[in-house]
Amino acid sequence: MNPFADFTYFGLLLYVAIPAIILGLFGRANSRWAFIATLAFCAMQFQKSHEVWQGQRVQEIWIALGYLVWQWAVAAGFLRFKGRGAFSTALVLCILPLCVAKYVPQFAPHTEIGFFGISYVTFRALDVVFSIKDNVVKAIPPLTYVAYLFFFPTVSSGPIDRFRRFSQDWQRRRSRDEFLNDLDVAVQRLFRGFLYKFIIAALIEKHFMDRFSVGGAGHVVGYMYAYTFYLFFDFAGYSAFAIAVSYMLGIHTPENFNKPFLAPNIRDFWNRWHISLSFWFRDHIYMRFLLAAAKGKWFKNKHTASYVGLFLTFGLMGLWHGTEWYYLLYGVYHATLLSGYDWFARWNKTRNWFDGPFWKWGNPVLTFHAIALGLLLFSGRLSPKPLPEREEVVEKLTCKEISGYIWNKKTQKTPVTVDISMDGHIIGRVVANEYREDLAERGMGTGHYGFHLTLPAAARDGHEHWVVPVVVGTPSRMISGPDIADQPYIVHCPTPELKQTNKSEGPATPAPAPAPTPAATPVPAPR
């Protein structure tokens with residue numbers, strides 16, 4: 001069950017919201033109900049099972065419990081023993097489960113050791129370790145720690161809270177007026193989330209993302225804009241939902257977005273975009289690196305230390321998203337932009353380039369396009385997709401025609417012949433050699449792999465008919481299709497006369513599919 005992904009999830013949220021509202025209106029809102037709701041939703045969200053060893057499957061809930069015990073032992077151990085090397089050891093042990101979850105499957109493809117949201121939970125666990133190191137956390141109440149790591153509105157994709165701030169909200173009992181203020185924020189964020197995620201993002205995905213997902217340079221540019229806006233509205237919508245539920249339960253989860261596309265420069269953009277993540281990396285990686293570099297005198301120039309810190313920080317951010325090359329390139333790209341902007345800003349102090357009324361609007365436009373290019377890299381759209389060895393698809397089956405395509409990497413220069421039968425009788429033989437621009441753009445040879453056949457008038461007699469395409473060869477095989485249902489090859493088309501009859505007469509009774517007659521090419525029985 002993915003959080004905030006469908007209306008079933010919001011229906012389940014009513015079981016959390018109604019008691020929370022009743023408690024709040026009577027001035028009895030506290031963390032107990034939030035803890036119960038967190039346990040219940042985590043139990044529902046972690047129902048998927050994974051193969052952790054050959055033939056051994058384990059539900060996510062048990063993996064998550066094991067992870068919790070591990071992180072609690074690391075934090076409690078570091079809190080008690082702060083000797084030399086304890087901090088480094090705690091960091092390594094804290095990150096270890098995430099590394100296992102991300103990298104073991106690359107060497108053992110059928111193995112998956114992790115749970116939904118492990119990356120964001122690890123950020124929270126690391127924040128506790130850093131806070132102990134900085135002496136801002138001196139105690140870890142067990143229930144508060146459990147709630148902080150697995151607080152259900154934010155467990156899967158943030159926003160990333162800090163343990164010290166979260167603990168203050170968790171231990172606070174709200175008055176009726178405080179609850180009403182939080183409820184007001186929750187309602188506003190809830191409606192914003194519906195607007196962003198289920199209306200704007202959904203429309204962008206439907207009308208633009210699919211249209212520009214393949215194609216040449218023009219489609220790549222279109223995809224860049226579509227993906228940029230889609231990612232913002234989808235993720236900002238999710239964050240709005242998470243903040244809404246958090247406020248209702250008394251946790252003031254931090255904002256994640258603040259009009260990022262109005263940023264006048266790339267530095268300001270990272271103060272507005274995925275704020276909880278960028279600030280986490282700034283505080284725990286970048287600033288610690290600068291302090292260590294200054295203390296150890298690693299660099300003669302402080303600006304060099306800053307630039308190295310930026311590449312380290314954004315390189316790690318890219319690797320955190322995944323091991324694909326374009327994630328790392330995305331991190332390097334933004335580190336380069338930030339370093340270049342810092343150098344230019346210092347150089348421009350006495351020159352005042354790009355100042356004035358025009359650049360008040362021009363700078364955000366330039367910054368937006370730099371951001372959009374970065375997100376295009378991040379999307380993987382520029383990464384060539386590996387071609388399948390074989391792809392045979394029925395894309396369309398109507399009362400008038402059947403069409404699709406057949407691609408075979410090993411025999412791409414030899415056209416494939418397809419026999420098409422109706423009710424066991426072959427009604428036509430076609431060669432899959434029609435040109436398909438979309439296949440050519442995907443890199444599928446010459447693109448001449450499409451086929452179509454017009455169905456005879458007998459298909460439109462008001463009865464059910466089986467229409468089955470079969471690849472001619474040894475052995476022959478029926479073509480499947482992702483857009484066709486489990487009973488894929490049934491057509492039921494009314495005759496023109498039936499269309500004009502009174503609806504009260506009811507539909508004609510479908511005739512049973514006749515037994516196949518002997519044919520030159522055997523026709524497999526429909527599934």
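View 1. W53 stands opposite Q56 in β2. The model is predicted, here and in every view below. Strand β1 covers residues 49–53, and strand β2 covers residues 56–59. The two run antiparallel, joined by 4 bridges. Together β1 and β2 form a hairpin with 2 residues between them. G55 sits in the turn, with a positive phi of about 80°.

View 2. Strand β5 spans residues 416–422 and strand β6 spans residues 425–432. They are antiparallel, with 7 bridges between them. M422 stands opposite H425 in β6. This hairpin has 2 residues between the strands. D423 takes a positive phi there, near 55°.

**View 3. Four strands build an open sheet.** The order is β3-β4-β8-β7, and the pairing is antiparallel. β3 (390–397) and β7 (434–435) are the edge strands. Each of these edge strands pairs on one side only. Strand β4 (residues 401–408) is joined to strand β8 (residues 448–454) by 5 bridges. E401 has T454 as its bridge partner in β8.

**View 4. Helices α4 and α5 pack against each other.** Their axes lie 10 Å apart, at an angle of about 180°. That angle makes α4 roughly antiparallel to α5, because angles over 145 degrees count as such. On the α4 side, the contact is made by F87, A90, L91, C94, I95, P97, L98, A101 and K102. The α5 side supplies I118, S119, T122, A125, L126, V129, F130 and K133. By class, the residues of this contact divide into 13 nonpolar, 2 polar and 2 charged.

**View 5. The largest pocket has a volume of about 1,300 Å³.** Its lining holds 45 residues. F116, Y120, S156, S157 and H321 lie nearest the pocket centre. The lining of the largest pocket divides into 25 nonpolar, 13 polar and 7 charged residues.

**View 6. Several helices contribute to the lining of the largest pocket.** At least two lining residues come from each of α4 (86–107), α5 (118–133), α9 (217–248), α12 (302–321), α13 (325–347) and α14 (357–379). α9 gives the most, with 5 residues.

**View 7. A cis peptide bond joins G158 and P159.** Omega of this bond is about 0°. P159 is placed in the loop between α6 (142–150) and α7 (163–170).

**View 8. K259 has a positive phi.** The value is near 50°, in a residue other than glycine. K259 lies in the loop between α9 and α10 (266–269). At one end of that loop is α9, the helix that gives the most to the lining of the largest pocket.

Terms used: Residues numbered from 1 in each chain as written. Predicted model: local features only at pLDDT ≥ 70, side-chain atom pairs only at ≥ 80, totals over all residues. Heavy atoms only, no water. 1 Å grid on protein atoms, 1.4 Å probe; cavity = no way out; pocket = protein on both sides within 12 Å on 5 of 7 lines; lining within 4 Å. Points joined across faces, edges and corners; volume = space filled by probe spheres on them. Nonpolar A, V, L, I, M, F, W, Y, C, P; charged D, E, K, R; others polar. Axes fitted to C-alpha atoms, helices over the stretch in contact; angles between N-to-C directions. Parallel < 35°, antiparallel > 145°, perpendicular 65-115°, else oblique. Contact = heavy atoms within 4.5 Å. Pairing = 2+ DSSP bridges.
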